[in-house]
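Me: I've got a model open and want to talk through how it is put together. Can you take my questions one by one?

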Amino acid sequence: MKFALVSFGNEENYGLLFVGTELHKHGEIRFFDAEMTDPVNDIAKYKPDYVCFSPMTIFYSKAKRIESLLKQKFDFISIYGGHHATHCGESLGDITVVGSVHNMDFGQLGIQMTGPTRPENLKSPARAEYFRDIPRFRNRYRKFILSVTGCFWSCTYCASSSQVTRKLYGRTTSHLQHRDIDDIISEAKFIKDCTEEIEWVDDDVFIGDHEWLKVFYQRWIDEIGLPMYVSTTSVNALKASPDLLGLMRKAVNVVGLGVQAIHPESLKLLGRGWDSEAKIKEAYDYLTAFGFKINLQCIIGLPVPDPVGDALDTIEGMKRIGAGSIASCYPLQIYPNTTLEQYINNNAYTLNKECTGDTNSGLPAIDFGPLINNRIRNICKLATMVVKYNISNQWLESLMDIDLGVSSKPMSLVRYYECIKDRLPDKADKIFNDIMEGMNFRY
Ligand code: SF4
C-alpha cells in the first residue's frame with residue numbers, strides 16, 4: 001500500500017509525523033508540501049492508494065480542494081484525521097478518523113471512532129521521511145515536541161474540550177500521562193543538530209507527574225541542551241516547587257503564560273473562571289524570580305457588550321502583570337462544536353466572513369461591524385508594542401481607528417522578530433532572515 005501525507009502550513013505538522021510512523025507499518029509513505037507548492041500533480045504522479053489529510057480548521061477547505069482535484073485524476077481513498085476531524089466528529093472524506101490513528105481500519109469507509117491517543121503509541125515521529133520529502137522542515141529553527149496528550153482544562157473556545165471530544169474521551173486520566181522519556185530523548189537527538197529551539201506543545205507544562213518532569217529535565221540538560229519554550233497556566237505554575245523550577249530554568253528560556261482576559265466575567269465566558277488577574281500576577285512574579293522570560297497571551301474580540309472596552313482593559317491588565325514582557329494578543333476564533341460556538345449561536349452573533357481562521361490577521365471571528373472589527377484587529381497588531389514598551393492605552397486608543405493598509409505586514413514582521421529576539425537573543429537576526437526566505441509569512 002502507498003500513502004500520501006499532505007502537510008499544511010509553515011510549521012512542522014507534528015501530528016502527521018506520528019501518523020506517518022503508524023502508516024509506515026502498513027506500506028510506503030511520502031509527504032507532500034501543500035504550503036510552498038501545489039502538490040496535486042506530484043501526488044497524482046505518485047499514485048497512492050490513500051491520501052491522508054490532517055488539516056487544522058484553517059486549512060480544511062484547502063485540503064478539500066486538493067482532494068477534489070485529485071479525485072478527477074485517479075482513484076484513491078481519502079483519510080481525514082487529526083484535531084479538526086476529531087472535533088468536527090462528522091464525515092469529512094472517504095474515511096474520517098475521530099480520535100487516534102493507531103486503531104483505524106483501512107478497509108472500513110465512513111467515520112471511525114477510535115478513542116484517544118495513548119502516550120505509549122507516540123514512540124517516534126516519522127521525521128526522517130518528512131525531512132527527505134520536504135527538506136525545508138529540517139532547517140526550520142524551531143521543532144515541536146509533545147509529552148502529554150490531552151488537556152486538563154475546559155476552555156469554552158478550545159477544540160480540545162469540544163462536545164465531540166468530551167463525549168469521546170470523557171474525563172479519563174490515561175491521556176494525561178507523559179510519554180516515555182527515552183522516546184522523547186531519542187526524538188530530540190535526531191533533530192538536535194538542525195534545531196535552535198524546541199517548542200514544548202503540551203498545553204500546560206505542569207500537567208502530570210512533577211517527578212517525571214524532574215527526571216526528564218535532568219536528562220534534557222545532560223543529553224540535549226536545546227532551549228525550550230513551554231506554556232502554562234497561573235494555577236499550575238503556582239503549584240510547581242522551587243526545586244522543579246530551578247532545574248527547569250536550565251532547560252527552558254521562555255514560558256508562555258495564558259492571561260486570556262482580565263474581567264472576571266470574560267474569564268468565565270472563556271471557561272477560565274478559575275483564573276484571576278491576582279493569580280496570574282503571582283505566577284508571573286514567581287516564574288520571573290527564577291529567571292524565566294514570560295510571553296503573556298490574551299484573546300480579544302469576545303462576545304461581550306463592549307468588545308473594544310474589554311480588549312483595552314485586557315491590554316491594561318497585561319501591563320499591570322508584566323509590562324516589559326513579550327505579549328501575544330489573538331483575535332478570538334470560533335471552532336466547531338465548542339461551547340463558545342453554541343453560545344454565539346444562542347445569542348445571535350454572526351460570523352465574520354473575512355476571517356479565515358488565521359489569528360495572524362488580527363481579524364475577529366465574530367462580526368461586530370466594520371468599526372469594531374477594525375479596532376479589534378488594530379489592538380491585536382499593536383498589543384505587543386504596547387505591553388513590551390509599556391505604552392499608555394491613550395496612545396493605543398488614538399491608533400485603533402487607523403487603516404493599517406500596507407503597514408499590516410511590516411507590523412506583524414516586527415512582532416515576529418521581537419518574539420524571536422526575546423527567546424533567542426544571539427541568533428535572532430540570522431533566524432529571522434532565514435525564515436523570511438523559507439515561509440509564506442501570514443499577517
Ligand atoms: S488550556 Fe489550552 S488546550 Fe487546554 S482547554 Fe484551554 S485552550 Fe484548550
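**The sheet and its neighbours**

Reply: Strands here are DSSP runs of E with at least two residues, helices are runs of H or I with at least four, and both are numbered from the N terminus; two strands pair if DSSP finds at least two bridges between them. This is a predicted model, where local features need pLDDT of at least 70, side-chain atom pairs count only at pLDDT 80 or more, and totals for chains, interfaces and linings use all residues. Residues are numbered from 1 along each chain as its sequence is written.

Me: Which residue in strand 4 does Y50 stand opposite?

Reply: Strand 3 (residues 50–53) and strand 4 (residues 77–80) run parallel, joined by 4 bridges. In strand 4, the residue opposite Y50 is I77.

Me: Which element gives the most to the side of domain 1 that touches domain 2?

Reply: The domain assignment, automatic or from a database, gives domain 1 (2–121) and domain 2 (141–438). Counting a contact when C-beta atoms, placed from the backbone, lie within 7 Å, 17 residues of domain 1 touch 24 of domain 2. Helix 4 (83–88), strand 5 (95–99) and strand 6 each give two or more residues to that side of domain 1. The top contributor, with 4 residues, is helix 4.

Notes. Contact = placed C-beta atoms within 7 Å.
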